[in-house]
Amino acid sequence: MLSRAIDDLEPTLTRNGYDAGALASQLNTRPSDVRAFLAGTLDAEHTRELTERLREAGVPI
C-alpha cells in the first residue's frame with residue numbers, strides 16, 4: 001500500500017534529492033525554517049518567499 005501523502009511537497013522534494021539540509025543550504029536559511037515550511041507551519045509571508053526562491057532555483061515544487 002502506498003502512502004496517501006506520496007504527492008505532498010516533502011516526499012516530492014525528497015525523491016528529487018532535496019532534503020531539509022540541502023534546501024536550507026540552497027535557500028541560505030535555517031533548517032528549522034525549512035522543516036516548518038515542509039510541515040506547513042511556517043508563516044504565510046515567509047512561505048511565499050521560500051516558494052518563490054525555490055521556483056527561481058528550478059526546484060520542482
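What do the buried residues of α3 pack against? I started there. They pack against α1 (9-15), α2 (20-27) and α4 (44-57).

**Ground rules**

I'm working on a predicted model, where local features need pLDDT of at least 70 and side-chain atom pairs count only at pLDDT 80 or more, while totals for chains, interfaces and linings use all residues. Residues are numbered from 1 along each chain as its sequence is written, and side-chain values use heavy atoms, with hydrogens and water left out.

My helices are DSSP runs (H or I, at least four residues; strands would be E, at least two), numbered from the N terminus. I call two residues in contact if they have heavy atoms within 4.5 Å. Buried means under 20% relative accessible area, exposed over 50%, and partly exposed in between, using a 1.4 Å probe and protein chains only.

**Entry 1: helix α3**

I looked up α3, which covers residues 31-39. Its buried residues are Asp33, Val34, Ala36, Phe37 and Leu38. Just after α3 I found Gly40 with a positive phi of about 80°.

**Entry 2: α2 against α3**

How far apart are the axes of α2 and α3? I get 8 Å, with a packing angle of about 115°. The axes are lines fitted to C-alpha atoms, for helices over the stretch in contact, and the angles run from 0 to 180 degrees between N-to-C directions. On my scale, under 35 degrees is roughly parallel, over 145 roughly antiparallel, 65 to 115 roughly perpendicular, and the rest oblique. So α2 and α3 count as roughly perpendicular to each other.

α2 passes α3 in a right-handed crossing.

From α2, the contact with α3 takes Ala20, Leu23 and Ala24; from α3, it takes Pro31, Val34, Arg35 and Leu38. Sorted by class, that is six nonpolar, no polar and one charged residues. For the sorting, Ala, Val, Leu, Ile, Met, Phe, Trp, Tyr, Cys and Pro are nonpolar, Asp, Glu, Lys and Arg are charged, and the others, Gly among them, are polar.

**Entry 3: α2 against α4**

Next I checked α2 with α4: the angle is about 85° and the axes are 11 Å apart. That makes α2 and α4 roughly perpendicular to each other, therefore. Leu23, Gln26 and Leu27 of α2 meet Leu50, Arg53, Leu54 and Ala57 of α4. This contact divides into five nonpolar, one polar and one charged.

I also looked at Ala57, which sits in helix α4. Ala57 is partly exposed, with 41% relative accessible area. From Ala57 to Gln26, 31 residues apart along the chain, the C-alpha atoms are 8.3 Å apart.

**Entry 4: the core**

Which residues have the most contacts inside the largest nonpolar core? They are Leu23, Val34, Phe37, Leu38 and Leu54, in a core of 13 residues. A nonpolar core here is a set of buried Ala, Val, Leu, Ile, Met, Phe, Trp, Tyr and Cys residues joined through side-chain atoms within 4.5 Å. The elements giving two or more residues to this core are α2, α3 and α4.

Not counting residues up to four places away in sequence, Leu23 touches Leu13, Tyr18, Val34, Leu38 and Leu54. Leu54, in helix α4, is buried at 0% relative accessibility. With neighbours within four places left aside, Leu54 is in contact with Leu23, Leu27, Phe37, Val59 and Ile61.

**Entry 5: loops and the outside**

Is Thr29 buried or exposed? At 18% relative accessibility, Thr29 counts as buried, and I find it in the loop between α2 and α3. Beyond four places in sequence, Thr29 touches Ala24, Val34, His46 and Leu50.

Asn28 is also placed in the loop between α2 and α3, but Asn28 is exposed at 71%. I noted that its phi is near 55°, a positive value in a residue other than glycine.

Gly17 lies in the loop between α1 and α2 and is exposed at 55%. Gly17 and Glu45 are 28 residues apart in sequence and 26 Å apart in space, C-alpha to C-alpha.

Last, I looked up Arg48 in helix α4: at 52% relative accessibility, Arg48 counts as exposed.

Notes:
A crossing is left-handed if the near helix is turned anticlockwise from the far one by less than a right angle, and right-handed if clockwise.
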